[in-house]
Amino acid sequence: MKVSVVRDILEANERIARQNRELFKRSNLFVINLMSSPGAGKTTLLERTIEALSDEIKMGVIEGDIQSTEDAERIAQKGIKAVQINTQGACHLDGNMIRDALGEFDLNGLELLIVENVGNLVCPAEFNVGEDYKVMILSVTEGDDKPAKYPLMFRESRVLIINKIDLLPYVDCSIDKIVEDSRKINPELEIFKVSCKTGEGLEGWFSWIKEQIDANRKTD
Ligand SMILES: Nc1nc2c(ncn2[C@@H]2O[C@H](COP(=O)(O)OP(=O)(O)OP(=O)(O)O)[C@@H](O)[C@H]2O)c(=O)[nH]1
Ligand SMILES: [Mg+2]
Ligand SMILES: [Zn+2]
């Protein structure tokens, strides 16, 4: 019984995610679903990405949080349109919530939409919102056992950003182990090792985004 209820919820979400995806395709909009546990650095990565790319790429952001508008305010301060979704307790975003937020944007005027999901390493990976790719962040302070313990998010993601490498001297965390274990789960995973604090390693991430947007522009 319980299993079929869960399946129904996921199937209903899939239908709405497909509709979102069709709308994104019609608008020629590239969409990233950004996921991580709380505090791994999603909003900070967004701030750095906006600083680096907002002159050349027309960007918008959807912020998902259980409560508060702090993250949307941080993004708005960078001069980028940000719509805050408050899930009122739900621990992930779903297709419906994104569809409702889309009304706030002029989609045809955008090239890149980044959705910051609720901080949670588990169920955001189960709910598509219509994105082109899922991108996840793991920070070194969380430990190198996370791919083995939370494999779904590593399997579903196209990109893994290993953040806070400036803190490596202070924590027992092997980057090699994270890379090895996550590639075992997902050999296609693109991996960037970065510090959103010092800026180290972020060029690779910026280049990846620019490549995706260039490819999307060619499908005009
Ligand atoms: N040392 C260090 N701190 C960082 C780095 N990136 C982010 N932080 C800090 O980590 C804390 C959390 O960063 P956020 O960007 O708010 O994390 P988040 O994933 O958006 O958090 P939630 O939205 O609450 O899930 C902040 O105090 C950041 O300044 C980094 O590369 N190095
Ligand atoms: Mg955040
Ligand atoms: Zn959830």
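I take helices as DSSP runs of H or I with at least four residues and strands as runs of E with at least two, both numbered from the N terminus. With that settled, I place Asn-96 in helix α4.

**Ground rules.** I am working on a predicted model, in which local features need pLDDT of at least 70 and side-chain atom pairs count only at pLDDT 80 or more, while totals for chains, interfaces and linings use all residues. Residues are numbered from 1 along each chain as its sequence is written, chains are lettered from A and ligands numbered from 1 in the order in which they are written, and side-chain values use heavy atoms, with hydrogens and water left out.

**Entry: Asn-96.** Asn-96 comes out as partly exposed because its relative accessibility is 32%. I also took the distance from Asn-96 to Leu-168, which is 72 residues away along the chain, and found their C-alpha atoms separated by 39 Å.

**Entry: ligand 1.** I counted a residue as near the ligand if one of its heavy atoms lies within 4 Å of it. There are 19 residues around ligand 1, and those that come nearest are Lys-42, Thr-43, Thr-44, Asp-166 and Cys-196. Sorting the shell, with Ala, Val, Leu, Ile, Met, Phe, Trp, Tyr, Cys and Pro as nonpolar, Asp, Glu, Lys and Arg as charged, and the others, Gly among them, as polar, I get 4 nonpolar, 8 polar and 7 charged residues. Helices α2 (42-53) and α3 (70-76) each give at least two residues to this shell, and α2 has the largest share with 3 residues.

For polar contacts I used pairs of N or O atoms within 3.5 Å. An oxygen atom of ligand 1 lies 2.5 Å from a side-chain N or O atom of Thr-44, a backbone N or O atom of Gly-39 is 3.0 Å from a ligand oxygen, and a polar side-chain atom of Lys-164 is 3.1 Å from a ligand oxygen. Ligand 1 exposes 660 Å² when taken alone, of which the protein buries 72%, with areas from the Shrake-Rupley method and a 1.4 Å probe.

**Entry: the metal ions.** The magnesium ion (ligand 2) has Thr-43 (OG1), Asp-71 (OD) and Glu-116 (OE) as donors at 2.0 to 2.1 Å. Of these, Thr-43 in helix α2 and Glu-116 in strand β4 link distant parts of the chain, 73 residues apart, and both are buried.

The zinc ion (ligand 3) is coordinated at 2.0 to 2.3 Å by Cys-91 (SG), His-92 (ND1) and Cys-123 (SG), with the sequence spacing C-H-x30-C. His-92 sits in the loop between β3 (82-86) and α4 (95-102), and Cys-123 in the loop between β4 (112-116) and β5 (133-139), 31 residues apart. I note both His-92 and Cys-123 as buried.

**Entry: cysteines.** Searching for pairs of cysteine sulfur atoms within 2.5 Å as disulfides, I found 0 in the structure. Cys-173 is in no disulfide, and the nearest cysteine sulfur, that of Cys-196, is 15 Å away. Cys-173 counts as buried because its relative accessibility is 12%, and Cys-196 counts as buried because its value is 3%.

How values were computed. A polar contact is a pair of N or O atoms within 3.5 Å; within protein, one must be able to donate a hydrogen and the other to accept it, and residues adjacent in sequence count only if both atoms are side-chain atoms. Donors are N, O and S atoms within 2.8 Å of the metal (3.2 Å for Na, K and Ca); water is not among the atoms, so sites may look incomplete. Buried means under 20% relative accessible area, exposed over 50%, partly exposed in between (1.4 Å probe, protein chains only).
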